[in-house]
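Welcome, and thanks for taking a look at this protein with us. Please keep the sequence and the 3D view open side by side as you read.

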Amino acid sequence: MKTFKYIIVLMMLLPLGSCKKFLTQTPVSQIADFQFYKSKYDVDAAMAGMYSGFQLMMVGEGGTTSFNDRYHYWGDFRSDTFDRFISYANVYQNEIAFNAITPDNPYSDWSKFYTVISRANNNIKYIPTVTAIDNSVTTDVVNADLAQSYAMRAMCYFYILRIWGDAPVWLEPYESISQEPEREKTTAASILNDIVIKDLTTAYSLTVKGQTASVFYINEASICANLADAYMWKKDYPNAIIWINNLFKAKNPKGALYAGTSDANLEPTATWKNVFTTPTASAEAIWSINWNYTNNGCSCMVLGPANNNKGMQLDPLFYASYFLPQTTATHTNDIRPKQTLDLYITPTNNRDRFVKFAQSPVNPTAASTAADLAIYYAVTINPYLPMYRLGDIYLLYAEALNGNNDLPNALKYLNYIRKRASLVEYLPTDPLVNNKASMENTILQERMYELVGEGKRWFDLIRTDHVKQIMDPVLKDRQARSGGTDLVGFADIRRVLWPISRAVLNSNKKLTQNPGYSD
């Protein structure tokens, strides 16, 4: 998806003429939304602007404002899988690593979500009006664009409620200064039920079923995945199971059904990395962010293969337990560690060489020269970050089945992922999976291995009520390594939510700071 700026399109729409005519034109910034939506071209531009706003927010603005991959700051960096890189971490990354986030932390600002929501609201209101002006904007076009706009709005609010909890709600465009610009918070539960689930259900009803998935756009399967995710947040396992089974009826990017019947429906073991590097050709891909280097410039994510001064890297405890053993004679056959992190580079501290999204050798080895690595791990890569993929859904399905007291089928879907990873499958009698509590912990751990760096871990810990249990020893370890003697761990469970940005509070006097934080 090309990075799209509304102002550029609107300027292109203005006719060239004399200086006098130019001086009497309405300024671009004052063109009303109803004046913009006049043709199929405008509709396509508006949809592009919505997607562009989302991908720029999640991956990074590129150019001079890089290393802002909020996808990872919100979904990974607060968890036990990542820690700050002491030599290079800035004050904000240190805050995140120690759960000492302040309202001045730039990642506590939700404004970019509301920008995308505003664009979705405009699309929902105005795209249907274009049918009366341009007959190429058919009912099918309108329904497809409305489905994506409703689903995008739902996804933004789903992120907001998981990150900040209660938040203001806008379901209509802001078009006049007569509208009250400040709003109080709506409860997270109400946002989840009345907006996220409602919008996604509407989006699903507008979607033509059985079409081959366009992986860089919201599609039938991604709507089902988001609905399952939303119901899992509520611990409503029966509805989550329903929507995952609806997902299995949808088609993947290769034109076949996701099916969800065995490990054969996943990307094969030998090509596991295709899910990240060529999602348009992967049977497992559902919805991925499309960052294109040619159009958008360097994504320059904190998580990347380049040898630069990164502020974040793999947590040492996680690295030692999962990655480091793969460099020894006693390694497992797990195919994932060597395709997630370059374990064979020098110097020995390679916890920052994250290669999961890079076009790299399947198994990097010491034989790779510096020139080889420079080619494979160039900053010009297109990081196709997965929003949802089938491996994620299999493990979510296992969790839902376990929550619904169906341990045999939960074990089956857990083992599909282990089999694909070339690991020994669990037996029903194994203590790690022979009861509901141990099964939940084992699924959660497998999600950590399978989905590391995919923006899931922090939300997994919150959803399963494991934040205190998992993060308390991790934070105490970080505090001890930094020379601290007062090892408080995860002292205040209210701080699972982020603080609301001071700038946001200053712009909306009806808001109050989240509990556990000071203004």
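## A loop residue to begin with

Let us start with Ser422, which sits in the loop between H18 and H19. Helices here are DSSP runs of H or I with at least four residues, strands are E runs of at least two, and both are numbered from the N terminus. The phi of Ser422 is positive, at about 70 degrees, although this residue is not a glycine. Most residues other than glycine have a negative phi, and most peptide bonds are trans. Ser422 counts as partly exposed because its relative accessible area is 32%; buried means under 20%, exposed over 50%, and partly exposed in between (1.4 Å probe, protein chains only).

Asn405 is another residue that has a positive phi without being a glycine, here about 65 degrees. Asn405 belongs to the loop between H17 and H18. With a relative accessible area of 58%, Asn405 is exposed.

## About the model

This is a predicted model, in which local features need pLDDT of at least 70 and side-chain atom pairs count only at pLDDT 80 or more, while totals for chains, interfaces and linings use all residues. Residues are numbered from 1 along each chain as its sequence is written, and side-chain values use heavy atoms, with hydrogens and water left out.

## The overall picture

The protein has 22 helices and four strands. Of its 519 residues, 56% count as buried. Contact means heavy atoms within 4.5 Å. Among contacts between residues at least 6 apart in sequence, 70% join residues at least 24 apart.

The largest nonpolar core has 145 residues, and those with the most contacts inside it are Phe54, Tyr157, Val196 and Leu247. Helix H8 (residues 139-163) gives the most to this core, contributing 16 residues. A nonpolar core is a set of buried Ala, Val, Leu, Ile, Met, Phe, Trp, Tyr and Cys residues joined through side-chain atoms within 4.5 Å. Setting aside residues up to four places away in sequence, Tyr157 touches Tyr114, Ile117, Pro168, Val169, Trp170, Leu171, Ile191, Ile195 and Val196.

## H4 and its partner H7

How are two packed helices described? By the angle between their axes and the distance between the axes. H4 and helix H7 (residues 111-126) pack at an angle of about 165 degrees, and their axes are 9 Å apart. Axes are lines fitted to C-alpha atoms, for helices over the stretch in contact, with angles running from 0 to 180 degrees between N-to-C directions.

On the H4 side, the contact is made by Ala46, Met47, Gly49, Met50, Gly53, Phe54 and Met57, and on the H7 side by Lys112, Phe113, Val116, Arg119, Ala120 and Asn123. These residues divide into eight nonpolar, three polar and two charged. Ala, Val, Leu, Ile, Met, Phe, Trp, Tyr, Cys and Pro count as nonpolar, Asp, Glu, Lys and Arg as charged, and the others, Gly among them, as polar.

## Met58, also in H4

Met58 lies in helix H4 (residues 40-59). Met58 counts as buried because its relative accessibility is 0%. Leaving out residues up to four places away in sequence, Met58 touches Asn68, Asp69, Arg70, Tyr71, Trp74, Tyr159 and Ile289. The C-alpha atoms of Met58 and Arg70 are separated by 4.9 Å, with the two residues 12 apart along the chain.

The axes of helix H17 (residues 390-403) and helix H19 (residues 436-450) come within 10 Å and cross at roughly 170 degrees. H17 and H19 are therefore roughly antiparallel to each other. Asp392, Leu395, Leu396, Ala398, Glu399, Asn402 and Gly403 of H17 make this contact with Lys436, Met439, Glu440, Ile443, Glu446, Arg447 and Glu450 of H19. By class, the contact has five nonpolar, two polar and seven charged residues.

Asn415 is found in helix H18 (residues 407-420). Is Asn415 buried or exposed? Asn415 is buried, with a relative accessible area of 7%. Apart from its neighbours within four places in sequence, Asn415 is in contact with Glu425 and Tyr426.

Notes
Angles under 35 degrees count as roughly parallel, over 145 as roughly antiparallel, 65 to 115 as roughly perpendicular and the rest as oblique.
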